[in-house]
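Please read the numbered points beside the model.

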Amino acid sequence: MTYQTILFDIVEGIARLTLNRPDKLNSFTGKMHEEIRSAMTTLEADASVRVLRITGAGRGFCAGQDLTERAMTGGQSFDLASTLETHYNPLLRRLRKLPYPIVCAVNGVAAGAGCNFALASDLIIAAKSASFIEVFSRIGLIPDAGGTYVLPRLVGTARAMALSMLAEPVSAEQAEAWGLIWKCVPDDKLQEVTDALVQKLSIAPTKALGLIKKAIYNSLGNSYDTQLTLEANLQREAGNSEDFKEGVTAFLEKRPARFVGR
Ligand code: T3D
């Protein structure tokens, strides 16, 4: 399929999604949502995929909702609960369910839903010049696209509150120091570092990585007791995988493991 607002391909187990409206800092339009939905459907149907790499084209990562689509001329108004349930929430739910790692290379400013879309990834690497802005309150909104869920969990209530109320940019270095993201790297190293990570993940024991996602994300709402039971159940699945067998065999034979992802 040919896309107008994104770039998307899958090569040797690595899926690459690039938001591609650089002139408008890759802000989300209805068309872009439609194309991302199509890419997600392709991803969900392709059992060969072992890692998803997300980035933005040009100098920005994503400036959130394209506000020209929300211009309220002539007394027009929008039901934003409806636009969220139509476009953003299904996408975030689908991303969370992907049974392999999502790596996000934040190449520039990530604002509004663009910031929270980045934070929906499992491993987030940002260029030093990138920034994160929970920009919503500047236009009279609350953080959406999962922001009010992930922010207090990643950085604590005090910082989540200030980020949301003040809508000030957080530098990539600060984001790393706060634990909002995993890593900040020099601008000229972003693609190289991301490619190396993605390559490594594409030959990792994917089944186990998918189960790790399930365990970590579920732990945020579980009691200790419930989590221990969940770990036992997920470990049963991991223990039945081809990769566990290969991992142990390779260790005993003193050779690198060749994981197939199942
Ligand atoms: O469905 C729903 O509506 C509910 C969901 C809402 C989710 C949301 O994301 S709400 C938040 C929407 N986003 C914003 O409010 C951010 C708006 N953008 C900015 O504040 C700034 O652009 C940035 C701080 C992100 C970056 O500033 P800067 O100075 O680096 O760039 P710029 O000059 O402002 O932007 C460059 C171009 O991109 C410019 O276009 P032009 O003048 O060169 O033709 C600018 O208008 C355009 N652009 C940037 N962000 C958006 C945008 N165009 C449309 N919508 C945008 N969000």
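1. Which residues are exposed on the other side of H10? They are Lys245, Phe251 and Leu252. Exposed denotes over 50% relative accessible area, buried under 20%, and partly exposed the range in between, with a 1.4 Å probe and protein chains only.

2. The model is predicted, so local features need pLDDT of at least 70 and side-chain atom pairs count only at pLDDT 80 or more, while totals for chains, interfaces and linings use all residues. Residues are numbered from 1 along each chain as its sequence is written, and side-chain values use heavy atoms, with hydrogens and water left out.

3. Helix H10 spans residues 242–252, and its buried residues are Asp243, Glu246 and Ala250. Seen down the axis of H10, these buried residues fall within an arc of 60°, so they line one face of the helix; the arc is taken from the directions that run from the helix axis to the C-beta atoms. Helix H8 (206–219) is included in what covers the buried residues of H10. Just after H10, Lys254 has a positive phi of about 55°. Helices (H or I, at least four residues) and strands (E, at least two) are DSSP runs, numbered from the N terminus.

4. Strand E2 (residues 14–19) is mostly covered, with five of its six residues buried. Strand E1 (residues 6–11) runs antiparallel to E2 and is joined to it by six bridges; pairing requires that DSSP find at least two bridges between two strands. Leu19 in E2 is the bridge partner of Ile6. The hairpin of E1 and E2 has two residues between the strands, and Glu12 takes a positive phi near 50° there. E2 also pairs with strand E3 (residues 51–56), in the parallel sense and over six bridges. Arg16 stands opposite Arg53 in E3.

5. Ala118 lies in helix H3 and, at 0% relative accessibility, counts as buried. Leaving aside residues up to four places away in sequence, Ala118 touches Phe61, Cys104, Val106 and Ile124, where contact means heavy atoms within 4.5 Å.

6. The largest pocket has a volume of about 540 Å³. On a 1 Å grid over the protein atoms alone, a pocket is an open set of points with protein on both sides within 12 Å along at least five of seven lines, a cavity is a set where a 1.4 Å probe fits but cannot get out, and lining residues have an atom within 4 Å of a point. Grid points are joined across faces, edges and corners, and a volume is the space filled by probe spheres set on the points. Of the 24 lining residues of the largest pocket, Leu98, Pro99, Tyr100, Thr206 and Gly210 lie nearest its centre. H8 gives the largest share of this lining, seven residues.

7. The second largest pocket has a volume of about 440 Å³. Among the 22 residues that line the second largest pocket, Gln65, Leu67, Arg70, Ile139 and Leu141 are the closest to its centre. Helix H2 gives the most to this lining, with four residues.

8. The count comes to one cavity of 30 Å³ or more. Helix H3 (113–119) and strand E8 (131–133) each supply at least two residues of the lining of the largest cavity. Cys115, Leu119, Phe132 and Glu134 are among the lining residues.
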